[in-house]
Amino acid sequence: MNLFSSSSTSSASNFSVFSHSSQNPNPSKFHHFKSTIKIPHLPPPLSSHQSSPPPIPQQKPQSLNCTDKNGSNEQIETTTMSSDELLVVRRPVMEIISVEDEVGDVTENDERASEEEEDDDDELPSSTSPIDERLSKFAKKMPIFEPEMRVELSPGEVKPLLVNLDLALYRVKILTRKFQYDEAQNILQKCILYWPEDGRPYVALGKILSRQSKPTEARAVYEKGCQATQGENPYIWQCWAVLENNVGNIRRARELFDAATVADKKHIAAWHGWAVLELKEGNIKKARNLLGKGIKYCGGNEYVYQTLALLEVRASRYEQARYLFRQATKCNPNSCASWLAWAQLEMQQENNRAARQLFEKAVQASPKNRFAWHVWGAFEANRGNIEFGRKLLKIGHAVNPRDPVLLQSLALLEYKYSTTNLARALFRKASQVDPRHQPVWIAWGWMEWKEGNIETARELYERALTINSSTESAARCLQAWGVLEQRAGNLSAARRLFRASLNINSQSYVTWMTWASLEEDQGNSIRAEEIRNLYFQQRTEVADDASWVTGFLDIIDPAIGSIKRLLNLDENSFYLSGTNEKRDEQSSPSDDVENETGFDLDGFISVKLLLDPSKLDVQLETSTEQVELKTKSWRRAWRSEDKTAKTLPKLGI
């Protein structure tokens, strides 16, 4: 090396010393060898902006003192080293990239520095190692490291403040209520571009796509959201799990609920949603375990308490159920769903006074809640308080004029205790409010059949099936149509309709027994017995702890929008359970409801809802005229659908 270059004499002496040492490999002799080497001072390292090294001063000759085996000292003089012979040590250039460089803003100093460094690119080592370059290429291919949907700001452009995201999400909520999905989706796409790490736009966009029956697109949005948030947002996991559960991917839904609880073990919605899934699958012990974990990690929660209370109702442990309902209402006194579920328990136990008090609590907690007014009105009508029940249903319709279920119940009530023409007008209004609500058409068809209008009933049943031929409502429609054809003497058509109904819902006891009764009436007792045996053979039974028995109440999602699953409000009217009774049948004796609990209903609706109790009938007629004006577009859409779907769908028989 140039650092230790010397004359030939010194080199020879130096070689003899090392060769002598190599001939004596004994380690004990190495301590006799001593050398003192004085290394000349090196120049300071170059900075990143220096293109050439500074001049190196001439060094004075140095000497090397070596002691040989015999102890004699040998002095070796080194020659003077020039700048060309000296090994130059240079520090690698470190590139410091500022935030402005990432978005494209380069200062003038940086430009000059880059121009100076271009001349030395051949001499300077690279600032990135091969492994760094490899990881960079790998990160570009993996959206979990760098989300694909990321906006690149142009020079001088400033990223919007976070408050704009909150305003945009509120705007999306308003547009969603107005069913303006396209504009809402465009806003959410922009939110995702500017704030890809925020999970709220993904959740909102996925829900909008789910409402439009686009599960594939919604699934892609949730997956991209989980990647962009590094899997740490439990809300996206939970919404994705609900989507998979709705489309029937139970195993995948379990995995996603599990991922949501891992992301945040205090996310109560994930624990509760998972428990409801297991309840529907019949895994009651697993559901109780999940609910227990929810209480453990999240503390008291109205939804968890309410679901546990419904489990106690199924097990006929009513005192424990009342305690849990009380805990749920303590957690949230404004939970209308908890008050209604508790009222259902008291209805089952025929504690009418307690049930009324709970209904009053429900409407006070949520004065505009359509389920509270509907269930309370149905309860009073079934108790024989016809006028009071009618009044409650009218109040519910006044605050919810776009709800077809309230109108359907009013129509059935008027048909049973008033006139057919008034009921027919209410059915027509309900069908205008929501032309795709199947139970309205089914109930209307049943009324026309009872009135002897067989052909009109067939048309209404057919209209209901053109909406959707694979739902539970479609199964009930086919069963009712089968009864109609059986009474009309068309036995082959009746059998075909019963079979089609069972293809949709094979667990319907009523349909199986109706079909068996038809065969028995025709003298085919053997065939009737076969049908009964088929029902018991294919019936789905839940094998679980013997203490958990199926009761009156079904397990529901305790959200207020889902209590309809308990009451079947959107599938059948509350009155359809008694539609086979004659209209002239005597009702049960009415109670003095107005003075029983001391609740001032008229004063309540006057203050809270700004309604005049004496003008409910006028408001009903006014809302009818308003609905007729608003539903012109619905009728146009329905006529266009009639051109393509006007025949009975094929039945899998």
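Let's start with burial: a residue is called buried when its relative accessible area is under 20%, exposed when that area is over 50%, and partly exposed in between, using a 1.4 Å probe and protein chains only. What you have above is a predicted model, so keep in mind that local features need pLDDT of at least 70 and side-chain atom pairs count only at pLDDT 80 or more, while totals for chains, interfaces and linings use all residues. Residues are numbered from 1 along each chain as its sequence is written, and side-chain values use heavy atoms, with hydrogens and water left out.

With that in hand, go to Glu346 and Arg322. Both of them are buried. They also form a salt bridge, with the closest N and O atoms 2.9 Å apart. Glu346 sits in helix H15 (residues 336–348) and Arg322 in helix H14 (residues 318–331), so this pair ties together parts that are 24 residues apart in sequence. A salt bridge here is a side-chain nitrogen of Lys or Arg within 4 Å of a carboxyl oxygen of Asp or Glu. Helices are DSSP runs of H or I with at least four residues, strands are runs of E with at least two, and both are numbered from the N terminus.

How many salt bridges turn up in a search of the whole structure? The search finds 21. One of them pairs Arg495 with Glu519, at 2.6 Å from N to O. Arg495 belongs to helix H24 (residues 491–504) and Glu519 to helix H25 (residues 509–521), so here too the bridge ties parts that are 24 residues apart in sequence.

Next, look at Glu183 and Arg171, whose side chains meet in a salt bridge at 3.6 Å, N to O. This pair links distant parts of the chain, with Glu183 in helix H6 (residues 181–194) and Arg171 in helix H5 (residues 162–177), 12 residues apart. Glu183 is partly exposed, at 36% relative accessibility, and Arg171 is partly exposed too, at 39%.

Stay around helix H5 for a moment. Phe179 lies in the loop between H5 and H6, and its phi is near 60°, a positive value in a residue other than glycine. As background, most residues other than glycine have a negative phi. Phe179 is exposed, with a relative accessible area of 61%. Ser316 also has a positive phi of about 60° without being a glycine. You'll find Ser316 in the loop between helix H13 (302–314) and H14, where it is partly exposed at 40% relative accessibility.

Now for the surface. Leu161, Val163 and Leu167 make up a nonpolar patch with about 310 Å² of accessible area together. Patches are built from residues with over 30% relative accessible area and no salt bridge, joining like charges within 9 Å and nonpolar side chains (Val, Leu, Ile, Met, Phe, Trp, Tyr) within 5 Å. The areas come from the Shrake-Rupley method with a 1.4 Å probe, and for residues only the protein chains shown count as cover. Val163 lies in helix H5 and is partly exposed, at 46%.

There is a positive patch as well, formed by Lys265, Lys266, Lys286, Lys293 and Lys296. Lys and Arg count as positive and Asp and Glu as negative, with His and the chain ends not counted; each charge is placed at NZ of Lys, CZ of Arg, CG of Asp or CD of Glu. Lys266 is exposed at 57% relative accessibility, and its place is the loop between helix H10 (250–263) and helix H11 (268–280). Gly299 is in the loop between helix H12 (284–298) and H13 and is partly exposed, at 27%.

Finally, the cysteines. The whole-structure search finds 0 disulfides, a disulfide being a pair of cysteine sulfur atoms within 2.5 Å. Cys331 is partly exposed at 39% relative accessibility, whereas Cys477 is buried at 1%.
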